[in-house]
Amino acid sequence: MDIEGRLAERDRSSCSGPEHEERSRSSHTPEQLPAARPATGQVPEEQPAGDQPPAEQPRSHEWPWRRAALLAATSMALVLLVSGFVVQPFLIPSGSMENTLRPGDRVLVNKLAYRFGDDPRRGDVVVFDGTGSFLREEPSGNPVTGVLRKAAAAVGLAEPAATDYIKRVVGVGGDRVVCCDKRGRIEVNGRPVNEDYLYPGDTPSRVPFDTVVPEGRLWVMGDHRGASRDSRDHLGEPGGGTVPVEQVIGRADWIGWPFGRWSRIRGPEAFAHVPGPGGAPGAAVPGGAHG
């Protein structure tokens with residue numbers, strides 16, 4: 001008898017039944033089992049590779065605040081840059097320039113006006129640092145407060161530093177400025193000046209003076225002569241009350257605030273016919289209106 005053939009056949013038949021198939025399926029390792037199907041309508045979550053937890057994504061509501069903060073910081077940096085080198089808002093702190101400028105006005109100071117070879121002219125309204133001329137030294141104070149105040153002043157939100165002044169140029173280097181003629185008018189190089197910009201009721205000056213402006217310096221006065229501390233108040237100090245041209249920060253060209261006073265600050269015609277320092281009309285440094 002073929003005993004080996006029967007045993008082989010019996011072995012094959014015993015492994016081919018349903019029970020064997022069931023046992024075979026149950027003997028698979030977990031790695032071999034297919035993933036369980038999610039319930040209907042559910043999407044299986046993707047598992048990240050490895051054991052690392054998924055990176056936390058930024059919350060959507062945080063982005064508007066971050067964008068707003070970035071925009072504010074960029075805008076402030078741009079304003080400070082423009083204010084430092086091109087145009088600076090300047091808050092008028094007192095009535096020394098009335099009625100041309102009133103307390104609370106914000107003027108736009110053109111810092112490029114004298115950067116390319118041009119010099120201040122008679123009649124210009126200028127902002128300057130009075131350290132060493134109107135003030136012997138810069139006042140001391142809290143450095144942190146000073147920086148914050150300077151930043152606020154740079155955008156016109158606070159009063160300017162105690163060393164910054166705004167006045168009108170009456171005499172330039174070489175000019176002889178005298179007060180006053182028989183009619184009470186200031187004379188520049190022997191020519192009387194009709195100052196129609198003065199505060200109503202003011203006289204050109206109650207303080208007599210006769211001075212020759214050194215080269216590279218300016219004689220400056222406020223339009224409200226009765227309320228202005230200007231070159232007249234520093235006659236006995238070094239420089240004789242005059243201001244170095246290099247201390248000029250810029251020329252006030254516009255009134256920018258309040259909106260009802262928006263206007264250009266033009267040089268007056270009062271100095272148009274004043275001769276130069278040598279006596280010849282128009283010699284050396286011209287005066288009068290500018291564009």
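Predicted model: local features only at pLDDT ≥ 70, side-chain atom pairs only at ≥ 80, totals over all residues.
Author: Residues are numbered from 1 along each chain as its sequence is written, and side-chain values use heavy atoms, with hydrogens and water left out.

Reader: Is strand E9 buried or exposed?

Author: In a regular strand the side chains alternate between the two faces of the sheet. Buried means under 20% relative accessible area (1.4 Å probe, protein chains only). Strands are DSSP runs of at least two residues, numbered from the N terminus. Five of the five residues of E9 (residues 217-221) are buried, so E9 is largely enclosed by the rest of the structure. Arg217, Trp219 and Met221 lie on one side, with Leu218 and Val220 on the other.

Reader: Which strands pair with E9?

Author: Two strands pair if DSSP finds at least two bridges between them. Strand E4 (residues 164-171) runs antiparallel to E9, joined by three bridges, and Arg168 stands opposite Met221. Strand E10 (residues 243-244) is also antiparallel to E9, over two bridges; here Arg217 faces Pro244.

Reader: Which residues have the most contacts inside the largest nonpolar core?

Author: In soluble globular proteins, nonpolar side chains tend to be buried together. A nonpolar core is a set of buried Ala, Val, Leu, Ile, Met, Phe, Trp, Tyr and Cys residues joined through side-chain atoms within 4.5 Å. The largest one has 15 residues, and those with the most contacts inside it are Val170, Val177, Ile186, Val188, Phe209, Trp219 and Phe271. Strands E5 (176-179), E6 (186-188) and E9 each supply at least two residues of this core.

Terms used:
Buried < 20%, exposed > 50% of the residue type's maximum accessible area, 1.4 Å probe, protein only. Helix = DSSP H or I, 4+ residues; strand = E, 2+ residues; numbered from the N terminus.
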